[in-house]
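Dear colleague,

Please find below the structure that I am handing over to you. My findings follow it.

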Amino acid sequence: MATGGSRYLKEPFAAHEERLQATDRIMELQFAHLERRLEKIEGLIERLEKRLWLSVYGVVAVIVTQAVLGILDTAPT
């Protein structure tokens with residue numbers, strides 16, 4: 001006589017637990033992949049931001065240079 005109970009009562013719960021564990025593993029892998037992708041996107045955004053600021057500083061430098069040249073052209077020699 002078995003003391004653990006009927007196997008028909010335990011097997012459905014064991015299968016359900018295995019499905020939950022498999023789902024948890026899949027979710028962990030998906031979140032790890034998502035985190036890697038987000039880190040890559042953040043790196044791309046940082047590089048884009050640096051390029052944008054470099055462009056802004058370049059435009060400001062051209063405007064300041066044109067202003068200084070205009071002042072030097074009108075200054076008496």
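Is Tyr57 buried or exposed? Tyr57 is exposed, because its relative accessible area is 55% (buried means under 20%, exposed over 50%, partly exposed in between, with a 1.4 Å probe and protein chains only).

This is a predicted model, in which local features need pLDDT of at least 70 and side-chain atom pairs count only at pLDDT 80 or more, while totals for chains, interfaces and linings use all residues. Residues are numbered from 1 along each chain as its sequence is written, and side-chain values use heavy atoms, with hydrogens and water left out.

The chain contains one helix and zero strands (DSSP runs, numbered from the N terminus: H or I of at least four residues for helices, E of at least two for strands). Of its 77 residues, 0% count as buried. The chain exposes about 7700 Å², and 66% of this comes from carbon and sulfur atoms (Shrake-Rupley method, 1.4 Å probe; for residues, only the protein chains shown count as cover).

One aromatic pair was found in the whole structure. The ring centres of Trp53 and Tyr57 are 5.9 Å apart and the planes are at 35°, so the pair is tilted (centres within 6.5 Å, taking the six-membered ring of Trp; planes under 30 degrees apart are stacked, over 60 edge-to-face, the rest tilted). Both residues lie in helix 1, four residues apart, about one turn of the helix. Trp53 is partly exposed, at 44% relative accessible area.

Trp53 and Tyr57 also belong to a nonpolar surface patch of about 860 Å², whose members include Leu52, Val56 and Val60. Patch residues have over 30% relative accessible area and no salt bridge, with nonpolar side chains (Val, Leu, Ile, Met, Phe, Trp, Tyr) joined within 5 Å and like charges within 9 Å; a salt bridge is a side-chain nitrogen of Lys or Arg within 4 Å of a carboxyl oxygen of Asp or Glu. Val56 is found in helix 1 (residues 7-74).

Yours sincerely
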